[in-house]
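Please look over the structure shown here together with its sequence.

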Amino acid sequence: MIDKELLKKYARLLMFEMKEEEYTTLQEEFDVILKQMDLIGNIQNISEVEPMTFPYKNTDVVLREDEVGDYLTVDEVLSNAKYQVNDQVKVPRVVEEDI
Amino acid sequence: MYRQDTIMELREQLDKKETTKEELFEKANKLAHTFQEEYNSFVTIIDKPKFKDRDSLLSGIPYALKDNFSTSGILTTASSNILKDYVPVYDSTVYKKLKNAGAVLVGKTVLDELAMGGTGTTGHTGIVRNPWDKSRMIGGSSAGSAASVALGIVPYAIGSDTGDSVRKPAAFGGLVGFKPTYGRISRYGLFAFASSLDHVAYFTRNVKDSAIITDVLKGYDPQDMVTLKDDGKKYLDSIDNDIQGKKLFYIKEICDREYYKDSNDKELLEVLDKFHELLDKCRSLGFEVEEVSVDKKLLEAVYPTYMCISCAEATSNNANLTGIQFGPRGEGVTTQEIMFDARTKGFSELIKRRFILGSYILQKENQEKLFLNACRVRRLIVDKITELFKEYDGLILPASGGIAPKFDASSEKLSDRYLLLENHLAIGNFGGFPSITLPYGMVNDMPIGVNITGRVKDDELVLNMANKIESVTGFKNIIAKVGDIDV
Amino acid sequence: MYKVVIGLEVHCELDTVSKNFSAAPNKFSEYPNENVATVDLGLPGILPVANKEACRKALLTALALHCKAPDEVIFDRKNYFYPDLPKGYQITQNTKPMGINGYLDIMVNGKMKRVDIHDLHLEEDTASLEHFPKYSLIDYNRSGVPLIEIVTEPCMESADEAVQFLEDLRDVFLFLGVSEAKSNYGQMRCDVNISLMEENATKLGTKVEMKNINAFNNVRAAIEYEIKRQSEVLSSGGKVVQETRRIAEDGKTYSMREKVDALDYKYFIEPNIPSTPLTEEYIEKLRSSLPELKLDRYLKYIEKYNMSDYDAGVLSKERPISDYFEEVLSYGSDVELSVNFVTTTVLGTLNKLEISLEDFFITPKMLSEVITLVRDGKISLDHARKILYQAIDEKVDPNELIKKQNLHQINDEGELLKLITEIMDDNLEIVRQYVEDGNRSAVNFFIGQTMKRSNRQANPNKSMEIIKEELERRKNNAK
């Protein structure tokens, strides 16, 4: 079974915490999914298959021409920010050490 | 009889001036409010609509939109506390296209939080109930959209489908649920769950209506790089084409009655019996229907593969939810603390568990075995189905192994057989295949659905075939009987 | 003495019209949050749309640095939380960078040094944070600006090498026209990794990282300080701690944090940007469009044109000057005269008027025509200069001026003879003095007259010869 402390570390890295009992549920879920993934590892020659990211090969893809298009007004940028000063989003002083 | 009316019928009434768009909206709005407390379809019900007359079949006709489509000036929560006060400043392409078609928005519908779920029970404003039986779920994540159409509030509703989030609730709600080819419709403004699997999809009460919506929504969008060039077709035009000699296959390992003969799940057996009856009806329509065998290992891999890929992408896609530039601000002394607090309070525990799973899967030391292996299986499955599509025009399978589950149903039902029947719809997302669910029977007074999946970009044929099959199911244009209410 | 090993990670903002993944303007902002699209703010539902020109410029730079280009353009997500990263991930390239395994040759104190490039990748800049005593402010203008990151191998051994590499790399950006690379605007900045090892050790020492240094002289100061600091630690028997340090205004470096375990960025391919194939043809086309870079030009000037080190340096230093010079040469102009005119008249004027070549009136074509006249002895060097300055002043083609002022030398022997015959016929007494008395001063008289009557346009040497011949002829005829 996966280590609970490890799961707590992942939670911290994802910037949240969970109730203690949730980690137990999560341990069980991990148990199920990891077992199933073990089975996948057993599929013959799986390691030789190229991982798929895009559902199919899209030949219609075009890169964007370098032109200015729609963008937001300053008011729109800030419209959902709870704290602002001088048209900028305000947060507690960021010291690089804390993150 | 507004509640039963199809898009085409409402169009006719409007064109003949038998009704007005204002009147239609009023009916929809009234129904939305009437059913809200009991069924909880909506996060937001629009009371002051904006009308535009446009030369479109959808002009003046009410619809509902899942609350994970960005709507400028209208609250959009994704049914999560972390977005409970978020009012977007931009329109999703889908919403913009519908506005331009003169479609009338009735409300934003409840979903499973951040579209991550299949029960319709995890939204921050409460559970969504199945109009066919209030003690049952309608499924998710597009639960409110499904309920709003099944209740007859609107003739169609937009949802999103990452694993089966439209096509499964469609089955549980007696609706048509269509997910076109990946890239057929722009995802710009659809809150991302798992970007490589996310599709715009919708509920209607018949296949033709789905074609009408597709014709309005499809097309290249410079804001979404995965969108396809427009094929210049109107799918409605070819919906009645002849299907003589079209070939369908079903997968033996998923729906052969033999596999389940020892099961005491009566509903499951009835679903399968009715499915095989439907296949016979298809044959009599002129379809060739064959049984095909697919490696069970691959089929069993569908669910874990889906979990790995979707959770991994979701962890990243939702990393913007920190309460800094939008959303509720967390409490704390440092910026890290306020982000931490916003996320801790903003997500339900289920979401957090999924994120941790996704994060674990992507960790350097696990990525090869978990994430990349999942991506590899995805290719094997898609290649297998694509290969079969060289010979066959469509894959036909029951959308689910049963009827809509009860709210108190435990999940102990998990046998591997059950897994295959309940999770194969994700194949349509893996390969971006066009895929449609339609009602084909009733079991214990609850609707059941059949799914037809076709080749990438062959949306036209999928709609065409589904339309033909619909003609023999006897379950076209059904809505839930909810008391005597009508308007 | 310890062996110093330095590796650099250089970031440079690309000069494009719009941002890397949105259509918001990529330009110097006057006001906070005025150049921000939905994508740059990381709003729910946004999708990145990759900028073609940013891709082209990144690839071009990769090719200029002799990197191997990929067979397709794809991006990856680098996942981490930071207040300046609105999406919670940065779109970058991990799986297939725009270039791998390249190099840049630099000249350090007269010696060639090859700096190996591990990779060059295209990514996006973060928002900018401004810190105040009690709070910080976020401005999203910079969020999504196209950025290339060039990662060198740990292969430099001194501050001189590192700084020279940075300067030369900046020149590469400028020569390619991919960025203005102004370090004072933060357009070019770098992280320095430095470790010390025993002279004959085989294993690299403990690495210290210094992040986000803008000015090149700070890079030098930081490296020199670290060499001294780490040497002292090691020679006193201590161990260098693996950590991130920052350089302060006093030129010293201070520890920011020890490296606990490296953050796992959970890279995966960006699913919203489908692969765009890069064909061999496209890469070749791009490669063939590469301009010759500074060092190549410098070496060419010395080897092919026998220029002095100084002149070669001056003429290869900036792309516009070098291009101007080479265009002058392309019209077949004399090399020595071209060097002379470009380094003195052209550069002198640019300096004096404080203008750039763009605003300089004399085109290479005009200059080359003047140079040809000088080479052919049709006008003198001094005159040419005067004419050029006048042309710059009056904004007229110098060749028009030459024509207008009739400054063309009369070189035609028939024309000269006709003029000289006329003058002699008008001054038969002077001719007689020569013919009969052998008065040599007659020659000078006729030269003077010829120049006077021709408005000083007669070619003096030719005139002298013709005068002498004519006088001799008349002398012989008189016999």
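This is a predicted model: local features need pLDDT of at least 70, side-chain atom pairs count only at pLDDT 80 or more; totals for chains, interfaces and linings use all residues.

Strands of a sheet pair through backbone hydrogen bonds, either parallel or antiparallel. In this model, an open sheet of 4 strands runs in the order β1(A)-β2(A)-β8(C)-β7(C), and its pairing is antiparallel. The edges are taken by β1 (84-85) of chain A and β7 (128-131) of chain C, each of which has a single partner strand, so one side of each is left without a neighbour in the sheet. Within the pairing of β2(A) with β8(C), which is antiparallel, A:K90 stands opposite C:L137.

Strand β1 of chain C pairs in the antiparallel sense with β10 of chain C and likewise with β9 of chain C.

| Strand | Partner strand | Bridges |
|---|---|---|
| β2(A), residues 88-92 | β8(C), residues 135-139 | 4 bridges |
| β1(C), residues 2-13 | β10(C), residues 188-198 | 11 bridges |
| β1(C) | β9(C), residues 146-152 | 5 bridges |

Turning to the helices, α2 (residues 159-176) and α3 (residues 216-235), both of chain C, pack at an angle of about 160° with their axes 9 Å apart, which makes α2(C) roughly antiparallel to α3(C). Their crossing is right-handed. To the contact α2(C) contributes C:A159, C:A162, C:V163, C:L166 and C:E167, and α3(C) contributes C:F216, C:V219, C:R220, C:I223 and C:E224; these contact residues divide into 7 nonpolar, no polar and 3 charged.

Terms used. Residues are numbered from 1 along each chain as its sequence is written. Chains are lettered from A and ligands numbered from 1 in the order in which they are written. Axes are lines fitted to C-alpha atoms, for helices over the stretch in contact, and angles run from 0 to 180 degrees between N-to-C directions. Helices (H or I, at least four residues) and strands (E, at least two) are DSSP runs, numbered from the N terminus. Angles under 35 degrees count as roughly parallel, over 145 as roughly antiparallel, 65 to 115 as roughly perpendicular and the rest as oblique. A crossing is left-handed if the near helix is turned anticlockwise from the far one by less than a right angle, and right-handed if clockwise. Two residues are in contact if their C-beta atoms, placed from the backbone, lie within 7 Å. Ala, Val, Leu, Ile, Met, Phe, Trp, Tyr, Cys and Pro count as nonpolar, Asp, Glu, Lys and Arg as charged, and the others, Gly among them, as polar. Two strands pair if DSSP finds at least two bridges between them.
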